[in-house]
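The entries below are in the order in which I looked things up.

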Amino acid sequence: MWNIRTSVPEDIPAQRQLWQLAFGDEDAYIDNFCRTYYRPERVIVLEEGGAVRSMSAWFDTVFRVPGQGDFRAAYLYAVATHPDCRGRGMSGALLAWADGYFKSRAIPAVTTVPAQPSLHEFFGANGFRECFVLTQRELVQLPPRREDVALRPLSPEEYGALRDRLLEQTGQPYISYPEQALAFQAGCCAVDGGGLYGGTCLEGPFCLCVEGAGEGRMVCKELLGPPEAQAAALSALGELASGARWQLRTPVDPKNAPEDEKKFAMLKWNDWKTSKKWDWSATGYLGLAFD
């Protein structure tokens, strides 16, 4: 028999083991989650025979929709099932239980970032629909360094404030992250090299989140600001990691949707009335996936 519940501190060793089995993350990465964001109620577990067999963490975020308001949104993260137990419906049962849990906490929206196409299908079968997109491309060469581009590290609080301000200017729906979630991201950056940065140039302010991806690769997980400022900011990437190969993620410009637009994250409304009236042809920006 399965028992689904929120976690307790005594579950942490089993959660860590399951996390490593599913994703292969280093201890330092999991330590960062436990230090910056973990609370028992922020992890849901499924146990069988007294052993944790499936789990999901969640981040308490805000879905900001221009003209409609702010909606509390749970971002599901690290959804994992023990390899010996896959194919038995445990993750689906955990997600169904989570719907009721989030309703009890007055959280109407749930988001997730599937890591691969097959997971988009899995979450689609569990009530999620495509919603969040971004632009992702490989940078063949960085532009020459510009003297007017100034870059500095930001605290999670500073980054969150600048991020919200820049995204509000786009007029697009987007996910806003609390300071603790951004502290987790800052810790991830510190583990793999990188950080949270803000900058200025003649074209305006910008912010970016940078994380190492191994083997001389760096990922700019988001670059925000006016398009002209984004272009200028690229000239500063070289000082963060000289000689690295870069992947760049930015919001999609709705006026000029590019060929490299990528389906990135999915949305579920727990309230069927909201789901029914929601314009599913519209897209939003989630941006920071803790991948």
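This is a predicted model: local features need pLDDT of at least 70, side-chain atom pairs count only at pLDDT 80 or more; totals for chains, interfaces and linings use all residues.

I began with strand E5 (residues 109–112), where Ala109 and Thr111 point one way and Val110 and Thr112 the other way, and all are buried, buried meaning under 20% relative accessible area with a 1.4 Å probe and protein chains only. In a regular strand the side chains alternate between the two faces of the sheet. Strands here are DSSP runs of E with at least two residues, helices are runs of H or I with at least four, and both are numbered from the N terminus.

Residues are numbered from 1 along each chain as its sequence is written, and side-chain values use heavy atoms, with hydrogens and water left out.

I then went to strand E10 (residues 204–214), in which 8 of the 11 residues are buried. On one side I found strand E9 (residues 194–201), paired with E10 in the antiparallel sense over 8 bridges, with Leu196 bridged to Cys209 of E10 and a hairpin of 2 residues joining E9 to E10. E10 also pairs in the antiparallel sense with strand E11 (residues 217–224), over 7 bridges, and here Val210 has Cys220 as its bridge partner in E11. The hairpin between E10 and E11 has 2 residues between the strands, and Glu215 in the turn has a positive phi of about 55 degrees.

Leaving out residues up to four places away in sequence, Ile30 touches Arg16, Trp19, Gln20 and Asp25, contact meaning heavy atoms within 4.5 Å.

Last, I noted the whole protein, which comes to 9 helices and 13 strands. Its radius of gyration is 19 Å, close to the 19 Å that the globule rule gives for 291 residues, so the protein is as compact as a globular protein of that length; the radius is taken over C-alpha atoms, and the rule is 2.2 Å times the number of residues to the power 0.38. Of the 291 residues, 49% count as buried.

Notes
Buried means under 20% relative accessible area, exposed over 50%, partly exposed in between (1.4 Å probe, protein chains only). Two strands pair if DSSP finds at least two bridges between them.
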